[in-house]
Amino acid sequence: MAYSEAQNKAVQRYISKTYDQVSLRIPKGQREKIQTYADQLGKSLNGYIVDLIYADMKKAGHPLE
């Protein structure tokens, strides 16, 4: 079932209120490799990157939570 225009606008409002966005630039061809690896882990690309950031910060003694 497709989203209606009203549902789409509601989702976009929720996303803009709930999340910050970060842009990431990587060399051409690397996105697919990272995506494939994230898929193998059962994670989305976004989830994989966020998990890596959290793990690195925790390791350095700076947990976000």
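Residues are numbered from 1 along each chain as its sequence is written, and side-chain values use heavy atoms, with hydrogens and water left out. Because the model is predicted, local features need pLDDT of at least 70 and side-chain atom pairs count only at pLDDT 80 or more, whereas totals for chains, interfaces and linings use all residues.

Helix H3 spans residues 45-59; helices (H or I, at least four residues) and strands (E, at least two) are DSSP runs, numbered from the N terminus. The 15 residues of H3 reach 21 Å from the first C-alpha to the last, close to the 21 Å expected at 1.5 Å a residue, where the expected span is 1.5 Å times one less than the number of residues. Just after H3, glycine 61 adopts a positive phi of about 85 degrees. Helix H2 covers residues 30-40 and contains aspartate 39. At 48% relative accessibility, aspartate 39 is partly exposed (buried means under 20% relative accessible area, exposed over 50%, partly exposed in between; 1.4 Å probe, protein chains only). Between aspartate 39 and isoleucine 26 the C-alpha to C-alpha distance is 18 Å, at a sequence separation of 13 residues.

The structure holds 2 aromatic pairs; rings of Phe, Tyr and Trp (its six-membered ring) pair if their centres lie within 6.5 Å, and planes under 30 degrees apart count as stacked, over 60 as edge-to-face and the rest as tilted. For tyrosine 14 and tyrosine 19, the ring centres are 6.4 Å apart and the planes stand at 80 degrees, so the pair is edge-to-face. Tyrosine 14 is exposed, at 51% relative accessibility, and tyrosine 19 is likewise exposed at 51%. The rings of tyrosine 37 and tyrosine 48 also form an edge-to-face pair, with centres 5.6 Å apart and planes at 70 degrees. Tyrosine 37 belongs to H2 and tyrosine 48 to H3, so this pair ties together parts that are 11 residues apart in sequence. Tyrosine 37 is partly exposed, with a relative accessible area of 41%, while tyrosine 48 is buried at 15%.

The model contains 1 salt bridge, defined as a side-chain nitrogen of Lys or Arg within 4 Å of a carboxyl oxygen of Asp or Glu. The bridge joins the side chains of lysine 43 and aspartate 51, at an N to O distance of 2.7 Å. Both partners are partly exposed, with relative accessibilities of 30% for lysine 43 and 35% for aspartate 51.

The largest pocket has a volume of about 540 Å³. On a 1 Å grid over the protein atoms alone, a pocket is an open set of points where a 1.4 Å probe fits, with protein on both sides within 12 Å along at least five of seven lines; lining residues have an atom within 4 Å of a point. The volume is the space filled by probe spheres set on the points, which are joined across faces, edges and corners. Of the 13 lining residues, Asp20, Gln21, Val22, Asn46 and Val50 lie nearest the centre of the largest pocket. H3 contributes the largest share of this lining, 5 residues. By class, the lining comprises 9 nonpolar, 3 polar and 1 charged residues (Ala, Val, Leu, Ile, Met, Phe, Trp, Tyr, Cys and Pro count as nonpolar, Asp, Glu, Lys and Arg as charged, and the others, Gly among them, as polar).

The second largest pocket has a volume of about 150 Å³, and its lining includes Leu24, Arg25, Ile26 and Asn46. H2 and H3 each supply at least two residues of that lining, with H3 giving the most, 3 residues. The lining of the second largest pocket divides into 5 nonpolar, 1 polar and 2 charged residues.
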